[in-house]
Amino acid sequence: MKTARHYGLLGDPVHHSLSPRLYREAFSFLRMHAEYSAYRVARGERDALRTRMLELGASGGGNVTVPHKRLAAEQLSERSGAIDRTGACNCFWLDSDGRLAGDNTDVRGFLDATADLPRLRLAGSSVLLIGAGGAARAVAVACCESGVRSLAVHNRSVQRAEGLISDLAIDSIAEIASERRIATEAWDLVVNATSLGLGANDELPLELEPDRFGFAMDLVYGSGGTRWTRHAEDLSIPAIDGLSMLVSQAACSLERWIGPLPDRKAVVSAMWDAVSGDAAPGSR
């Protein structure tokens with residue numbers, strides 16, 4: 001009997017994740033003998049993360065979610081251009097020489113997801129980005145490469161926000177968003193790239209106002225959207241949660257692991273059907 005390939009997700013927390021269900025549906029559709037599991041790796045556990053990456057890479061490949069995307073990038077011998085630009089890795093495998101290789105499929109995932117906000121045009125827009133972690137880096141790179149007019153970054157740690165702008169060398173477009181700016185200026189798009197929303201009692205990433213925010217995107221996902229996207233919709237602000245980005249980056253990850261998909265649109269549709277009905281709060 002042919003040995004099953006094994007793929008997995010590394011992060012903390014991961015109990016909420018829809019990724020196993022998402023990929024299992026894709027494997028079934030593609031008639032792949034494969035499994036996908038989620039593994040908790042506590043924050044700061046560098047050795048445990050690398051060991052898991054090597055194990056999964058040898059058997060198929062894997063994904064990385066909060067809080068390990070930057071740490072995962074440091075473990076790689078072969079890095080994609082997207083990782084060089086973001087400093088973060090969310091997808092990995094072993095190359096033909098047995099070395100850890102990786103990519104950041106969140107960049108493409110974010111851009112694909114914005115298509116679900118059909119009147120949004122990133123080029124020439126003003127974007128408020130909340131967060132400064134690995135996902136925020138992918139969003140920042142995607143926005144800058146799409147020609148946004150301005151990008152303002154807000155994070156509880158100003159130092160981390162400054163580090164994001166400096167590391168990505170985007171200071172000609174991006175700057176720190178002060179509380180005063182957030183409270184007074186208008187924004188075409190606001191993106192929550194923090195983990196706020198994963199917990200049932202989490203505060204909202206930002207209280208929105210209908211006259212100052214054009215669109216809202218939450219990288220967290222949930223059943224019927226998230227509390228923040230519902231807050232936006234109550235104010236008639238078009239909003240989407242992170243499911244679109246989750247599905248798109250997963251399709252990109254599959255292509256890194258097994259090559260071009262025979263019918264990408266059909267695979268994406270199958271994954272959507274698997275997760276769109278009853279999403280528990282999640283970020284990967």
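Predicted model: local features only at pLDDT ≥ 70, side-chain atom pairs only at ≥ 80, totals over all residues.
The protein chain is divided into domain 1 (5-104 + 248-277) and domain 2 (119-237).

**Helix H5 and its partners**

- H5 packs against H6 (residues 134-145) at an angle of about 60 degrees, and the two axes are 8 Å apart.
- The crossing that H5 makes with H6 is right-handed.
- H5, which spans residues 106-113, also packs with helix H10 (residues 243-258), here at about 135 degrees and with the axes 8 Å apart. That angle makes H5 oblique to H10.
- H5 passes H10 in a right-handed crossing.
- On the H5 side of this second contact are Asp106, Arg108, Gly109, Phe110, Asp112 and Ala113; on the H10 side are Ser244, Met245, Ser248, Gln249 and Cys252.
- Sorted by class, the residues in the contact of H5 with H10 are four nonpolar, four polar and three charged.

**Domains**

- Domain 1 is made of two stretches, 5-104 and 248-277, while domain 2 covers 119-237.
- The C-alpha centres of the two domains lie 25 Å apart.
- Eleven residues of domain 1 are in contact with eleven residues of domain 2.

**Mixed sheet, E1 to E6**

- Six strands form an open sheet with mixed pairing, in the order E2-E1-E3-E5-E6-E4.
- Strand E2 (34-40) and strand E4 (78-79) are the edge strands, and each pairs on one side only.
- E4 runs parallel to strand E6 (residues 100-103) and is joined to it by two bridges.
- Glu78 stands opposite Ala101 in E6.
- Helix H1 (residues 19-29) packs on this sheet, where it touches strand E1 (5-11), E2 and strand E3 (60-64); the direction of H1 makes about 170 degrees with that of E2.
- Helix H2 (residues 46-59) packs on the sheet as well, touching E1, E2, E3, strand E5 (91-94) and E6; its direction makes about 155 degrees with that of E1.

**Parallel sheet, E7 to E12**

- A further open sheet of six strands has parallel pairing and the order E9-E8-E7-E10-E11-E12.
- Strand E9 (174-176) and strand E12 (239-240) stand at its edges with a single partner strand each, so one side of each has no neighbour in the sheet.
- E9 pairs in the parallel sense with strand E8 (residues 150-154) over three bridges.
- Ala174 in E9 is the bridge partner of Leu151.
- Helix H7 (residues 158-168) lies across E8 and E9, and runs at about 170 degrees to E9.
- Helix H9 (residues 227-234) packs on the sheet and touches strand E10 (187-192), strand E11 (213-218) and E12; the direction of H9 makes about 160 degrees with that of E11.

Notes: Residues numbered from 1 in each chain as written. Heavy atoms only, no water. Pairing = 2+ DSSP bridges. Helix = DSSP H or I, 4+ residues; strand = E, 2+ residues; numbered from the N terminus. Contact = heavy atoms within 4.5 Å. Axes fitted to C-alpha atoms, helices over the stretch in contact; angles between N-to-C directions. Parallel < 35°, antiparallel > 145°, perpendicular 65-115°, else oblique. Left-handed = near helix turned anticlockwise from the far one by under 90°. Nonpolar A, V, L, I, M, F, W, Y, C, P; charged D, E, K, R; others polar. Domains from an automatic or database assignment.
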